[in-house]
Amino acid sequence: MRFDFLQSHAWQVSLGRFVILLVTAFLIGLPWHAQLYTLLAATFGYSIWSLVTLYQVQSWLRSRKRRGPLEDRGVWSDISTYVHSRLSGERSRKRRLVGLLRAFREGAAALPDGVLVLTRGRSVLWFNEAAGQLLGLSMPRDRRAHVDAHLPAEAREWIAGDTTEPLREVVSALNDSTRLSFRLIPYAREYMLLVVRDVTPLARLEQVRRDFVANVSHELRTPLTVLHGYLEMLDAESAPQLEPILDDLRSQSRRMTQIVEDLLTLSRLDARQQSPYDRVPMRALLTTLKREADALSQGRHHIVLHRESEMDLSGSADYLHSAFSNLVSNAVRYTPAGGKIEISWRNSDNGEARFAVHDTGVGIPAEHLPRISERFYRVSTSRSRETGGTGLGLSIVKHVLQIHGARLEIESEVGVGSTFSGVFGADRLLAPQSMMEAC
Ligand code: ADP
């Protein structure tokens, strides 16, 4: 046993007093030879005093009023001083935390975006005023309510599935003209933050932009067709010096017509969230693509088709043809004569299937890859123009893949070649009809 406590002043005083009490009791009993009785009486008195002090300590601890430490109670005073300082520290820490929490809540409440704190089971724990307005929630009625009941149908489906990507531009359940976007952020182990944003003005602007591009393209289409028609009819025989000018005019009008057609295709794609689920027979589509590639290349490249998957696709035949033939035409246009182009359709191990076009062409510098599928983005504008490009091909490819739930993957090395792949999920793959009939 260690006697460190003896170094404490409170213990020294308490033990000193106890010893003085016992010695005094002993001395009082000595003249009458009754030391045992006086010692017993002193010990009894001391026990009573200790019990009373213990009771006072208990009342002090229980008391809700803020009182200073007990005085003149020996070791108990020491203990109460220690407890008092711990409690004061706790209290000021609590006050600081409450202040911080209040500041956070007020900050979140003042956010223009709707913020909801949800449990992992999607019960509402807290939400700010904006969330209340956007989703029609009110306190205390909706505390602990299931959030799904207040979400538009599309958002209900999204929140029950994969929420890694935010959900954009959903029609509000309360107002048809309001567009909302949703983002779900899991935090701690049991909570999630749902952020709801009113994107109506942005959606309106985007719509204005789409309408503008669609209208301009549409309006340009007829005059361009007329111009193109006349240019084709013009014969330079009477004025041979005009031949190069006419050739240039014809090629420029062809380019403009192609740009307008591509813009119209993009406008139509913009208006779609999802493609239809029609059967697209891949055997026929791949054969057509190979034929088109041969026609474009005119024997300048070695073109190979690998059809290793029997699967058909479920989607839009027109859009898929347009996307795949864009990739094939790019491969032909950006591969010098003598190069090799491989068109392949393969199953992946994880149930996906991959349409890929590989070429041994000029390749794309790595810094251009992140932006390559943006509208009118080109690595070399002159090369794109020379080969009849519009700068819209890969945007169309990306959109078409998007509405089919597929993703575009690009691998490229300058001077070595490029591989553009469309990767389709199992939900877009169909066993070929002949196999289904055999079953
Ligand atoms: P473009 O009509 O100019 O070909 P795209 O959108 O189809 O427009 O392609 C965008 C740019 O990506 C092209 O200008 C070109 O620089 C690059 N690119 C596309 N495909 C290939 C490819 N197979 N090899 C090399 N560069 C390519």
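Tutor: Two strands count as paired if DSSP finds at least two bridges between them. Keep that cut-off in mind. The model is predicted.

Student: What makes S4 and S5 a pair?

Tutor: Eight bridges join strand S4 (residues 179-187) to strand S5 (residues 191-198). The cut-off is at least two, so the two strands pair. Their sense is antiparallel.

Student: Which residue of S5 is the bridge partner of proline 186?

Tutor: Methionine 192 is the partner of proline 186.

Student: In what order do the strands of the open sheet stand?

Tutor: The five strands run S2-S1-S5-S4-S3, with antiparallel pairing.

Student: Why are S2 and S3 called edge strands?

Tutor: Strand S2 (124-127) and strand S3 (167-171) each pair on one side only. From one strand to the next, the twist averages 25°.

Student: Which helix lies across S3 and S4?

Tutor: Helix H5 (residues 153-160) does, at about 150° to S3.

Student: What stands opposite leucine 313 in the pairing of S6 with S8?

Tutor: Valine 280 does. Strand S6 (residues 278-280) and strand S8 (residues 312-315) are antiparallel and have three bridges. Three meets the cut-off of at least two, so S6 and S8 pair.

Student: How do H8 and H9 cross?

Tutor: The axes of helix H8 (residues 282-297) and helix H9 (residues 317-333) come within 10 Å and cross at roughly 35°. The crossing is right-handed.

Student: Which residues make the contact?

Tutor: On H8, they include Leu285, Leu289, Glu292 and Ala293. On H9, Leu320, His321, Phe324 and Val328 are among them. Residues are in contact if their C-beta atoms lie within 7 Å.

Student: What kinds of residue are they?

Tutor: The contact of H8 with H9 has eight nonpolar residues, four polar and one charged. Glu counts as charged, so Glu292 is a charged residue of this contact.

Technical notes:
Residues are numbered from 1 along each chain as its sequence is written. This is a predicted model: local features need pLDDT of at least 70, side-chain atom pairs count only at pLDDT 80 or more; totals for chains, interfaces and linings use all residues. Helices (H or I, at least four residues) and strands (E, at least two) are DSSP runs, numbered from the N terminus. Axes are lines fitted to C-alpha atoms, for helices over the stretch in contact, and angles run from 0 to 180 degrees between N-to-C directions. Two residues are in contact if their C-beta atoms, placed from the backbone, lie within 7 Å. A crossing is left-handed if the near helix is turned anticlockwise from the far one by less than a right angle, and right-handed if clockwise.
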